[in-house]
Amino acid sequence: QQIYQLRQKQSISQNKTFDPLKAIAEQIASRYRLLCFDEFVVNDITDAMILGRLFKALFDLDLIIVATSNVPPEKLYENGLNRALFLPFIQMLRDNLDSLNLASPTDYRLEKIAGLPVYYSPLGPETDAKLDALFLTLTGVSTGVRLEIDVLGRKLIIPNAVNQIARISFSELCESPLGNPDYLAIARHFHTLFIDRIPILAPHQRNEAKRFIHLIDTLYDQHVKLFASAQTGPTGLYPDASGIEAVEFDRTISRLIEMQSADYLQSDHKGILSTGSHE
């Protein structure tokens, strides 16, 4: 979003030598000496190219960087399209950062399950009725209103919103051409999200799986409370263990489980943006 805003300003001033990533790095370095990335992951070659330029600028400014990840640097973006273009960034990480293996046999998220009724399966009239009743209990109405949220100069449509609670189907969220900026806008605007009818994802549904991974990551990072109906439990949503997204989806499963815990449900939402208009 910062890159977009800076490019908009510079297109007006006609400064062709301006580098928005260098400007962002300088802004970060002017405020912080230490920058931490939790669960660092790369999914897209375009993101990889942007990260390479940003990290080089940060390293040039002597910023201290700490990152955690499910994979070592050499396995980032493994088997990704045009990965050869990403290899210089991996080498940059290896040259500038020490890599420590902190593997643990315990997934501590799984120990925090409280068994609260926020995730309903399998799909069917009974599950629909339970989610309907829960939405009514939390909002006081059976159906909300249509809401438009501004995202990078365009309108993101939320079909069913009541104050800071929204209800959207999996199809609308993950089968539509949405991306991280859309999911972040949703996560910042709403402290609670209902997702209807999450299916079991087939191997050919890579785009849907990837969007769902990004969506859950964003909701989790912003501490959004999630209520969902699904065809099966979290561990069965992506049965293709050989798929490229399988490793990432393990994190999604773990987060879906943690998002049902009492600790997560009691956590504070990270912030609400007033960027929408009701109709």
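## Nonpolar cores

The largest nonpolar core of this predicted model contains 42 residues. Those with the most contacts inside this core are Ile 158, Leu 173, Leu 193, Ile 195, Phe 212 and Leu 219. Helix α8, residues 206-221, supplies the largest share of the core, with seven residues. Another core, of 24 residues, lies apart from it, and Ile 24, Ala 25, Ile 45 and Tyr 77 are among its members. In soluble globular proteins, nonpolar side chains tend to be buried together.

## Two residues and their contacts

Leu 173 is one of the residues with the most contacts inside the largest core. Leaving aside neighbours within four places in sequence, Leu 173 touches Ile 168, Leu 178, Tyr 183, Ile 186, Leu 193, Ile 195, Arg 211 and Leu 215.

Thr 218 is part of helix α8. Its relative accessible area is 11%, under the 20% cut-off, so Thr 218 counts as buried. With neighbours within four places in sequence again left aside, Thr 218 is in contact with Tyr 183, Leu 184 and Ala 187.

## Helices α3 and α4

Two packed helices are described by the angle between their axes and the distance between the axes. For α3 (residues 45-60) and α4 (residues 87-96), the axes come within 10 Å and cross at roughly 25 degrees. Angles under 35 degrees count as roughly parallel, and α3 and α4 are therefore roughly parallel to each other. Their crossing is left-handed.

On the α3 side, the contact involves Leu 51, Gly 52, Phe 55, Lys 56 and Phe 59; on the α4 side, Phe 89, Met 92, Leu 93 and Asn 96. Of the residues in this contact, six are nonpolar, two polar and one charged.

How values were computed: Residues are numbered from 1 along each chain as its sequence is written. This is a predicted model: local features need pLDDT of at least 70, side-chain atom pairs count only at pLDDT 80 or more; totals for chains, interfaces and linings use all residues. Side-chain values use heavy atoms; hydrogens and water are left out. Axes are lines fitted to C-alpha atoms, for helices over the stretch in contact, and angles run from 0 to 180 degrees between N-to-C directions. Helices (H or I, at least four residues) and strands (E, at least two) are DSSP runs, numbered from the N terminus. Angles under 35 degrees count as roughly parallel, over 145 as roughly antiparallel, 65 to 115 as roughly perpendicular and the rest as oblique. A crossing is left-handed if the near helix is turned anticlockwise from the far one by less than a right angle, and right-handed if clockwise. Contact means heavy atoms within 4.5 Å. Ala, Val, Leu, Ile, Met, Phe, Trp, Tyr, Cys and Pro count as nonpolar, Asp, Glu, Lys and Arg as charged, and the others, Gly among them, as polar. A nonpolar core is a set of buried Ala, Val, Leu, Ile, Met, Phe, Trp, Tyr and Cys residues joined through side-chain atoms within 4.5 Å. Buried means under 20% relative accessible area, exposed over 50%, partly exposed in between (1.4 Å probe, protein chains only).
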